[in-house]
Amino acid sequence: MQSSQQALGITHESEKTTPHLLVFDLSIRGHHPNYIRHLIRYWHTQTHFQILSIVVSPRFLTEHADVVEFAEQQSNPNIRFIAITHPQESALKSRKKPIDRNLRNLQEWRLFCDYAGQLQVNHGLIMYLDTYFLSIAWWLKPPCSFSGIYFRPTLHYRQLGVQPPLNWRQKLNQSRENLNLNKVLRNSRLATLFCLDPLAVPALQQRPSQAEIIHLPDPVEFVPPPSAVCTLKDDLGIEAERTVFLLFGAIDGRKGIHQVLDAIQNLSSDWGRRLCLVLVGESKIQQQLEARITEITASQPVQIIRNYQFVSEEEVWSYFRMSDVILATYQKHVGMSGILLLAAATQKPVLSTDFGLMGAMVKQHQLGLSIDSTQPEQISDGMMKLIGASRNDFYNPEKMRIWAKQNSAENFAQTIFAGITNND
């Protein structure tokens, strides 16, 4: 793959008139690598754009070398990764404090505009548009038309019945977000707004907008099981007769890990010896979690397996297939979660938050049990209901299969290519 300096220096006269798409994504965790992989895989199905430049963090090239290698395997010289320079990355503010986070968003938007201009692209696709609403509304106008993915709309949450009364500060923030959204929708360069929340699309379409607003499937790509019998449960030493609950992803407070551990501690010993909790994913609070787990396992006959690492896509599927129940105990999470789709694709019931879009999807597609995940007592009750054969009463495998198919990686990529082509 080319360096940023090489890529920015090879714009030939012939390329200036060649339809050129820029995908911009400086995040390296969560769904981002797979979204890019899906676009690369289905690139040949579109005929409008001939050059695909993917601007990423330098760390993406090393931490997701498999995605870069996948692009190289396409044997198409017009697909190229471009890393921003190390000085550019070093200059980016931290995301820890709100003011720094806002400044970083402005910096990233400036980088998008700079790279789009220097590469002379025809269209930009921003993989996490929410991040740049403030910049788009009030700052630099990009040098090309652009589209983007809207992850976390909240304008319809009151209609969903999940938005509690707001205090004055929250009302002020919501008013500011609404103002920014309205200005973004009126931006003359915005071609297509892809929204991952199907329930928000009608509300967005009612607002004055220069752009087309389309529901975007949240992609899940089913990986067939290996021909050999999966031995992961044996490899992990999970004891027989235990129901396996999987908490996957970034193991932190946002995922409800503290409430899950409280819930397990509240179980009786009879229920505890029937349960195994498996934690898979990186954690910034690993030391704190280990202290808590040591305390719980000293008094509770529960089994808790930990793997605090980023795992490959193939391993992800193995963990989901091995498990009996998938935990989606997010704390007041706005937007969708790929966890629900992975559970649906592997026919595993979820114990999920009942808040917002996730709660609505669990009910609509009969994915499992939805509870107030801020309450450990409700998590405990849900665990007891889902332990053993009784969990079969709480989900609908056929509805799960249909929903997962609707959100296939192919539908995701085709929707994006059709949306940006039709409106470019």
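**View 1. Ring pairs link Phe24, Trp109, Phe112, Tyr132 and Phe146 into a cluster.** The model is predicted, with local features needing pLDDT of at least 70 and side-chain atom pairs pLDDT 80 or more, while totals for chains, interfaces and linings use all residues. Residues are numbered from 1 along each chain as its sequence is written, and side-chain values use heavy atoms, leaving out hydrogens and water. Rings of Phe, Tyr and Trp (its six-membered ring) pair if their centres lie within 6.5 Å, and planes under 30 degrees apart count as stacked, over 60 as edge-to-face and the rest as tilted; by this rule there are 12 aromatic pairs.

**View 2. Phenylalanine 24 and phenylalanine 112 form an edge-to-face pair.** Their ring centres are 5.5 Å apart and their planes stand at 70 degrees. Both residues are buried, a term for under 20% relative accessible area, with exposed meaning over 50% and partly exposed in between (1.4 Å probe, protein chains only).

**View 3. Tyrosine 128 and phenylalanine 151 form a stacked pair.** The centres of these two rings lie 4.3 Å apart, with their planes at 25 degrees. Tyrosine 128 is partly exposed, at a relative accessible area of 23%, whereas phenylalanine 151 is buried, at 10%.

**View 4. Two charged side-chain ends sit over aromatic rings.** A charge counts as sitting over a ring if NZ of Lys or CZ of Arg is within 6 Å of the ring centre and within 35 degrees of the ring normal. The charged end of arginine 29 is placed in this way over phenylalanine 310, 5.4 Å from the ring centre, and that of lysine 183 over tryptophan 138, 4.6 Å from the ring centre.
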